[in-house]
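Open your viewer and get your selection tool ready. We will walk through this protein one stop at a time.

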Amino acid sequence: MQRRKNKEIKLIFTVLAVFFLAFLAVPMVQVIVKSLTQDTAGIGLENYREVLTSKGFMQAVGNSFLVAGCSALVTTLLAFVLAYTVHYTNLGRRYKDLIAKAAVLPMLLPTITYGFAIIYSFGKQGLLTRLFGRQLFDIYGFNGLLLGYVIYTLPISSMLINNTMGYIDKRFMIVSRLMGDSPFQTFKITILRPLLGTLAASFIQTFFLCFTDFGIPASIGGQFEVVASVLYEEMLGSVPDFGNGAVVAIIMLIPSIVSITVLNILEKYNVRYNKISPIELKKSKKRDITCAVASAAIMVGILSIFAVIFVVPFTEEWPYRTSFTLEHFQTVFEDSSLYGVYTNSLMVAIVTALVGTLMAYGAALVTARSSVSQRLKGTIDSIALVTNTIPGMVIGLAYLFCFSGTSLQNTFAILIICNMVHFFSTPYLMMKNSLSKMNASWETTAMLMGDNWTKTIIRVVTPNAVSTLLEVFSYYFVNAMVTISALIFLAGTRTMVITTKIKELQYFNKFNEIFVLSLLILFTNAAGKFIFQKLADRSQKKENKVDMKKIRKMGLKRVASFAMAGVVGVSALGLTACGSSSSEDQVIIYSNADEEAIESMEHALDDNGFEGQYTIQTFGTSELGGKLLAEGTDIEADMVTMSTFYVDSAQEQNSMFKDLEFDVNTIDEFPSYCAPITAQEGTIIVNTEMMEENNLPTPTSLKDLANPEYKGFISVTDIASSSTAWLLIQALISEYGEDGAKEVLTGIYDNAGDHIEDSGSAPLTKVRAGEVAIGFGLRQQAVADKADGLPIDYIDPAEGNFSLTESVAVVDKGDDTNAKAMEMAQCIIENGREELQSYYPLALYEGEETDAENLSANPKVFPEPLTVDLLEQHQALSEECK
């Protein structure tokens, strides 16, 4: 029987080992190989030398350690206070339940929302700033990251400490007091000492969550650069460098080796009690009041930050038009694509939770309910620790490298597998702890009663683990609903989930709609948590009354039938979600275009017989550029509209576009494989109310922005991550030469401070929100805001309005090329240009004229051709000015 049991356990181990070999080890090896690969020199360490000696990299690593360490310390302390209030005070049960619920609230929202919530709460025009009458602190840089990270990691730390504290035997407090120990000694011996391992584990866990997060630094990091933002810039910057990005990813993984060692050492500090006896806590009003006030302050702090999510979406345009409206909700729910995206998210979350729970359960059975060698058990434990410390961004990129061109690319399966691997650690540890606490003799007893090991697990162990299984299911479900860091690289047009929809809205500056979708995720997760918790509580009561003979009467076939029904039901949901997506013969269009351009292209296609025959998926310029360079002809898209210099680079590297089969009569010469659709100009954007409020003179040139009176009032983009900044730098170099441009740009960067942004739309966003008075961005966006009645104006700089073109190109997939893509490209050029030109007024084709009303004051063209090489030269110049 023992041999039979080990056979089944080893089968489970083999399945898990093969799974993690294929979907963890192999992709990570791909990252390592990529880090060692040079374009011209083959294999070597040149990428490592370049990254480690690059300006600011070691400073970014130091910043990451500093802010992650401080955040982990603060989070662990706050989580301890909350857990102590729950377990060691005589406060009411309802109050304690409220503490537990408030602590996990941030877990129900995607981290991409946190930065926006902090800006709209504590920014210069934020909700809390207005309530207090002044800005409480500078939210950009260290302060904002610390606040965001603490909110982000508090749920995990609270769950760890709260769970362990519930298993501390409080009788030892009585013994300590009887022995004459001081209150502090009693506290140290009976509470801190048993929690030492858990507190250290909490610190390490939260440290690495902070160390590897990108979403929060992207919005409020300012000039306090961290290593995660360096990884983003290398992988998804305006000119992606996958070799250097892979190096940064590997460097980010090095601390995980240290964490595995430290956590193994800390394991011996865990205190285990043979029996937990409930006792009546000593009455102490001082203790209870102190803990009540402290925990209330923590809860109010958390809830007040997220209160803005319930306010801003109901206003016309925060902070200038604050009258009540439901327009933003109507806009979101009238979007026909939302229902498919929401269904996709639910399906991915449910299947991830179901299969992930089975995987975590199987792994825990190997380590907690078997007699296999410690080597096999140690392998599972190591996998759990490794998955816990690999950033989601790194996993996503590893999968991008590994599975591009395979049948898994752009499928729901790859999203689900990614989630299962990414979130494996915590569910596995939850299951392992639960199974370890069960009676070790159950299998032996069942064997004597004639059952084999499989029947024993199904009939005896599983019914006793139902409450934990539900908690694990809930954990997977919630995290799958809110994650974005890995999926942003893997989700395709037909497999988009709701968090990637939020990322799309961020690109369009639709923050009201972002908050609406965040509320949708919040309510979905809250409902899910409530249901799962009720089921878990009910199961917990039943688990305490287990009758093995009664359990044996429930036949194996019956249990298997219920399990099979669940799998079939979820699979049906998945198929339904897939079926609701665009049909296979639709043309998939990838685009980095702004909202106005997207609408113009849709109007041209719909009005000329192509309605319902295409799907447009939008990306940021750097994100789409990364996909073009990484995926080549394996890309999901049939057609792209993209910055022309990126199209050129992708064609040079991957030979991925067909020559256009229609005449393109452009004023300037363009390659045969693309045709321009828009030209975007840069300009100075101002918030007229902020300018007046701060008595700021109106700038007339980019050189003026370097004047000291503008310090702290300017926002510009970083050319390392956004091509919008190139418009500014072209103007400076063209007018003042490289040396003069460096002098002016240094002054502009000094004035911008924490407002050197990674996103081209971020300066306008901050000008619009009143965070700064002046920004440099796209002219047509400022024109639209002014027309909408916002306090926004634009000033065409004396140095000139330089422009970048975006072009349409058809992907060459050989025999699989969608013929309609070429027809649609022709339709956009021939029927969409009139409307496109109303938003982007520069004439591009013969016979076109620039509309006088939209004509910029000083349009100019850079004297050299715009190429990736030139962009890289200007990036180097920009770095010298920081």
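A salt bridge here is a side-chain nitrogen of Lys or Arg within 4 Å of a carboxyl oxygen of Asp or Glu. By that rule, a search of the whole structure finds 16 salt bridges. Before selecting any, note that this is a predicted model, where local features need pLDDT of at least 70, side-chain atom pairs count only at pLDDT 80 or more, and totals for chains, interfaces and linings use all residues. Residues are numbered from 1 along each chain as its sequence is written, and side-chain values use heavy atoms, leaving out hydrogens and water.

**Stop one: salt bridges**

Select Arg-494 and Glu-636, whose side chains meet in a salt bridge (3.9 Å, N to O). Arg-494 is in the loop between helix 23 (487-490) and helix 24 (498-507), and Glu-636 is in the loop between helix 29 (621-631) and strand 7 (639-643), so the pair ties together parts that are 142 residues apart in sequence. (Helices, H or I and at least four residues, and strands, E and at least two, are DSSP runs numbered from the N terminus.) Are these two residues buried or exposed? Both Arg-494 and Glu-636 are buried, meaning under 20% relative accessible area; exposed means over 50%, and partly exposed lies in between (1.4 Å probe, protein chains only).

Next, pick Lys-813 and Asp-638, which form a salt bridge with the closest N and O atoms 3.6 Å apart. Lys-813 lies in the loop between strand 13 (803-810) and helix 35 (819-831), while Asp-638 lies in the loop between helix 29 and strand 7, so parts 175 residues apart in sequence are tied together. Asp-638 is buried, at a relative accessible area of 9%.

Now show Asp-785 and Arg-768, joined by a salt bridge of 2.9 Å, N to O. Asp-785 belongs to helix 34 (residues 779-787) and Arg-768 to helix 33 (residues 762-769), so this pair links parts 17 residues apart in sequence. Asp-785 is buried at 6% relative accessible area, and Arg-768 is buried at 14%.

**Stop two: the nonpolar core**

A nonpolar core is a set of buried Ala, Val, Leu, Ile, Met, Phe, Trp, Tyr and Cys residues joined through side-chain atoms within 4.5 Å. Select Tyr-399 and Phe-657: of the 232 residues in the largest nonpolar core, these two touch the most other members. Not counting residues up to four places away in sequence, Tyr-399 touches residues including Phe-23, Ile-414 and Leu-490 (contact means heavy atoms within 4.5 Å). A second, separate core of 30 residues includes Ala-593, Ile-677, Met-822 and Tyr-845.
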